[in-house]
Amino acid sequence: MNLQHNPNNTATKGASLETAKKVVLMLHGRGASAQDILSLTDYLTGDEQTAFIAPQATQSTWYPYSFMAPTEANEPGLSSALEVVGRLVARLHQEFNFAYENIFLLGFSQGACLALEYTARNPQPFGGVFGLSGGLIGPENQLPNYEGNLQHTPVFLGCSDVDPHIPKARVLESEQIFKSLGANVLTKLYKNFAHSVNDDELETVSHVLTTGSF
């Protein structure tokens, strides 16, 4: 595949990948950067043996249009972005010897959509998946039939109930799909909240990172 995004263009924070017990793969939003999403780690509480890694999208955008646009309109960016996530997960597992149960995925906005879509297409028992202001990718009433078993992976969906970019209905639809894939899903819709990350979401992420469950 001719990748639009470079899987080797990453930034890291926290414990080193060589010594960490857990790792969080973090995916930034549209117009943002790997460093931006890594800055959230300043507000997470957990043990000191967690590494954080974030890839950088070319021109700071994983795919060009809304996550609910026709899927082909978001190509080749979307497929390239999913490939980058897949290669990084494989690298963390094979090169750095993280068990899948110790790999976590976190994304905000466009990055949340990407993290959730990758997980639904590649279901396996991850440590946890955190979609902050995001949902599964595809046009209304045209999501595919995802198959597989997440084996009780904690999946957190946090979003405003009036988010201008992420319809509440898509968040709830994503919730049902992840439940059908065997995930342990927690969905929180925050009343009249902005398209942003809040303290409650960060506390939820911290709790799962520390305890392995909600």
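In the predicted model, the accessible surface of the protein chain comes to about 9400 Å², of which carbon and sulfur atoms contribute 46%. Buried residues account for 54% of the 214 residues in the chain. The charged side chains number 12 positive and 21 negative, and the centres of these two sets are separated by 1 Å.

The protein chain contains 5 helices and 7 strands, which follow one another from the N terminus in the order β-β-α-β-α-β-α-β-β-α-β-α. Its radius of gyration, 15 Å, is close to the 17 Å given by the globule rule for 214 residues, so the chain is as compact as a globular protein of that length. Along the principal axes, the C-alpha trace spans about 45 × 40 × 30 Å. Of the contacts between residues at least 6 apart in sequence, 77% join residues at least 24 apart.

When neighbours within four places in sequence are set aside, threonine 50 is in contact with Gly14, Ala15, Ala20, Lys22 and Val24.

With a disulfide requiring cysteine sulfur atoms within 2.5 Å, the count comes to 0 disulfides. Cysteine 113 takes part in none, since the nearest cysteine sulfur, that of cysteine 159, is 8.9 Å away, and cysteine 159 is likewise in no disulfide, with the sulfur of cysteine 113 as its nearest at 8.9 Å. Cysteine 113 is buried, with a relative accessible area of 1%, and cysteine 159 also counts as buried at 1% relative accessibility.

Note on methods
Residues are numbered from 1 along each chain as its sequence is written. This is a predicted model: local features need pLDDT of at least 70, side-chain atom pairs count only at pLDDT 80 or more; totals for chains, interfaces and linings use all residues. Side-chain values use heavy atoms; hydrogens and water are left out. Buried means under 20% relative accessible area, exposed over 50%, partly exposed in between (1.4 Å probe, protein chains only). Contact means heavy atoms within 4.5 Å. Helices (H or I, at least four residues) and strands (E, at least two) are DSSP runs, numbered from the N terminus. The radius of gyration is taken over C-alpha atoms; the globule rule is 2.2 Å times the number of residues to the power 0.38. Accessible areas come from the Shrake-Rupley method with a 1.4 Å probe; for residues, only the protein chains shown count as cover. Lys and Arg count as positive and Asp and Glu as negative; His and the chain ends are not counted. The place of a charge is taken as NZ of Lys, CZ of Arg, CG of Asp or CD of Glu.
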